[in-house]
Amino acid sequence: MAKKPVHFSHNGVERAAFADDGQNLLEFLRRGAGDLSPKYGCGQGTCGACTVMIDGETQLSCLVLAESIDGKSIRTAAGLASDQLDPLQVAFMDHFAAQCGYCTPGMLVSARALLERNPKPTREEVMEAISGNLCRCTGYEPIISAILAVAEGRAQA
Amino acid sequence: MALHRGRGFAAINYPIGMNLGGDPSQALVHSNPDGKFTVALSAIDLGQGMKSVTRQIAAETLGVPVEDVYVDTADSDTGPHDMGSFASRGTHRMGNAVIQASQEARSVMLEAAAEELEVDAADLVTDGRGNIHVKGAPSRSITTMAASQAAQFKQGRTIAGRGIFLIPLSEVDPQTGEMTPVSCFAHAAMLVEVEVDDETGEVAVLDMQSAYEVGRALNPKLVEQQLRGGAWMGMSHAIWETTEPYYPSRDHGPEDFNAYVMPGPGDLAPHHISVLERPAPDGPYGGKGPGEMCANPVLPAVVNAVYDAVGVRVDDLPVTPEKVLRGLKANGGAKPRKAL
C-alpha cells in the first residue's frame with residue numbers, strides 16, 4: 001500500500017506523517033498523529049464524535065481523506081487548552097454538560113468553531129451549530145447552557 | 001386540519017435493583033502509605049457518576065477528605081465480585097458495600113492511631129479534614145497519613161476493609177406466586193403537554209413537569225443531570241426511537257444513524273424538575289438511585305397526552321405519525337377529550 005507524506009499544522013504545531021492510500025483523517029489523526037481526542041462513533045458522518053476544524057471549518061474527520069489535508073491547519077479538542085483550559089471546557093464542567101463524555105470532544109470543537117465565527121450566537125444558532133453532534137446522555141440542554149454561558153460572558157475563565 | 005394540544009399524567013414506582021437470582025455487590029477499601037484510600041469495585045461508571053458517589057460515601061464513612069479517596073472500578077478480573085451497573089442498583093448496592101468496607105477500614109485506622117497516641121480507640125474521632133483526635137481534646141491528634149504510615153511501617157497492620165451488600169434470592173411461593181423481588185422503590189410523577197398534528201400525525205412534546213423521589217440526593221447536581229438526560233431519553237423512546245418502525249418487513253428497519261430517528265437539540269422540551277428527598281431506610285445515607293426511572297414516567301405520560309389531545313389510544317411504542325393517523329382514521333377524525 002502506497003504511503004503519502006502529509007504536512008499539516010496540528011493544533012498549531014507543524015507536523016508531517018505518512019497517510020495510507022484511502023485512509024481517512026480520523027484514523028490518520030488517532031493512529032498516525034497520536035491525537036485520540038477525535039472519537040470514532042459511526043464512521044459514516046452522522047454522529048459528529050469525530051468533528052475537527054480544518055482551516056477553521058468544522059468537518060467530520062471520518063469522511064475526509066487524510067492526504068487531502070496536506071498544507072492545511074487541523075484543530076482538535078486536544079488543542080483547545082493551552083496553559084489553561086478553554087472557557088468552553090470550564091463551562092462544560094460547570095454546567096455538567098457531559099456524562100459518558102464520548103460526544104464531548106466533537107461538541108467542544110463545534111462550539112469553538114461557532115464562537116469564532118459568531119461570538120454572540122442566539123440559542124437557536126447554538127442548537128444549529130451542534131445539531132450534527134449526537135449526545136445520548138445529557139438531553140443537550142446542559143450543553144446549550146454551557147455554550148451560551150461562554151457567549152454571554154457568564155462563564156468563569 | 002389542526003394542531004391539538006393535550007395533557008397527560010403518569011406516576012411510577014421504580015424498583016432499585018432486582019434480586020431474582022440474588023443481588024450482591026462487594027467492595028474492598030485499603031489505605032496507602034500516603035494516608036489516602038483506594039476503593040476497589042468491579043461495577044462500572046458509565047458516566048452516571050458512580051465513581052463520584054461511592055467516593056463521597058467512602059470519604060464520609062472513613063472520616064477523611066473526599067480528595068483522599070480514589071475509586072478504582074471496572075476490572076472484573078482483579079476486583080471484588082459485583083453483579084454490575086444496571087437496574088439502577090449502583091448507588092444503593094455498591095454504596096452499602098462501600099459503607100461496610102469503609103467502616104472496617106476506619107476501625108483499624110483508629111486502632112493504629114490509638115496505639116500511636118496511647119489512648120483508647122473508642123475515644124477517637126475524625127474531623128473529616130485528615131486528622132484523628134481525642135474526643136474533646138483536639139490537640140491530642142494525629143494525621144490520617146501518620147496513622148497509616150505507623151500501621152504500615154511500625155505496627156504491621158493492614159488498614160483495610162471488606163464490604164458486601166446482598167439482597168438474597170427471594171423464594172417464590174408455589175401456590176400464590178408471591179415473592180419479594182425488591183426491597184427499595186423510587187417514585188416519580190410527570191405531567192407533559194403535547195401538540196398533535198392531525199394532518200401529519202406528528203407529536204411534539206412542548207413541556208414536561210416532573211417530581212422525582214430519589215431517597216436522599218447524595219450528589220444533587222449529578223441527580224439533576226441524570227434526571228434531565230434520562231427524561232430526554234424517555235421522550236425519545238415515547239415518540240421517536242425504534243429499531244422496527246416500518247412494519248411489516250424487518251428489511252425496512254434502520255441500520256444506522258441516518259435512518260434511526262432520534263430527537264436533536266432542536267427538539268427539546270422545557271423540563272421543570274422537582275427532586276423530593278425521602279431517605280431510604282436501607283439506602284446508603286438514605287440514597288436510592290435515579291438510574292433508569294428518570295426515563296420511565298415520560299412514556300405513559302406522553303401516551304396519555306396524545307389520547308387527551310386527539311382521542312387516539314396508542315398501546316404500542318413509539319407513538320409514530322403512522323399510528324396516530326391510523327387511529328384518527330379509525331375514530332373518524334380527532335376527538336379531543338376536552339378543549340384546553
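A salt bridge here is a side-chain nitrogen of Lys or Arg within 4 Å of a carboxyl oxygen of Asp or Glu. By that rule, one salt bridge crosses the interface of chain A and chain B. This is a predicted model, in which local features need pLDDT of at least 70 and side-chain atom pairs count only at pLDDT 80 or more, while totals for chains, interfaces and linings use all residues. Residues are numbered from 1 along each chain as its sequence is written, chains are lettered from A and ligands numbered from 1 in the order in which they are written, and side-chain values use heavy atoms, with hydrogens and water left out.

**Where the chains meet**

- Contact (heavy atoms within 4.5 Å) links 22 residues of chain A with 25 residues of chain B.
- A:Phe96, A:Gln99 and A:Arg136 supply 38% of the area that chain A buries against chain B, more than any other three residues.
- The area buried between the two chains is about 1700 Å², with carbon and sulfur atoms giving 65% of that area; buried area is the accessible area (1.4 Å probe) that two parts lose on being put together, summed over both.
- The salt bridge joins the side chains of A:Arg136 and B:Glu241, at 2.6 Å from N to O.
- Five residue pairs between chain A and chain B are in polar contact, both residues being at pLDDT 80 or more. A polar contact is a pair of N or O atoms within 3.5 Å; within protein, one must be able to donate a hydrogen and the other to accept it, and residues adjacent in sequence count only if both atoms are side-chain atoms.
- On the side of chain A that touches chain B, α4 (123-129) and α5 (141-151) of chain A each supply at least two residues. The largest share, three residues, comes from α5(A).

- A:Thr51 sits in strand β3 (residues 51-54) of chain A; helices (H or I, at least four residues) and strands (E, at least two) are DSSP runs, numbered from the N terminus.
- A:Thr51 counts as buried because its relative accessibility is 6%. Buried means under 20% relative accessible area, exposed over 50%, and partly exposed in between (1.4 Å probe, protein chains only).
- A polar atom of the A:Thr51 side chain lies 2.6 Å from the backbone oxygen of A:Gly48, and a polar contact of 3.5 Å joins the side chains of A:Thr51 and A:Asn133.
- Leaving aside residues up to four places away in sequence, A:Thr51 also touches others, including A:Leu60, A:Val109 and A:Ser110.

**Strands of chain B**

- Strands β9 (residues 185-197) and β10 (residues 203-213) of chain B pair in the antiparallel sense over ten bridges; two strands pair if DSSP finds at least two bridges between them.
- B:Val194 stands opposite B:Val205 in β10(B).
- The hairpin of β9(B) and β10(B) has five residues between the strands, and B:Gly201 in this hairpin takes a positive phi near 80 degrees.
- β10(B) and β11(B) run parallel and are joined by six bridges, with B:Glu213 opposite B:Leu276 in β11(B).

**Backbone details to look up**

- A:Asn11 has a positive phi of about 50 degrees although it is not a glycine. A:Asn11 lies in the loop between β1 (3-10) and β2 (13-20) of chain A, and counts as partly exposed because its relative accessibility is 24%.
- B:Tyr285, in the loop between β11 (271-276) and α5 of chain B, has a positive phi near 50 degrees.
- The peptide bond from B:Leu317 to B:Pro318 is cis, with omega near -5 degrees, and B:Pro318 is found in the loop between α5 (298-310) and α6 (321-331) of chain B.
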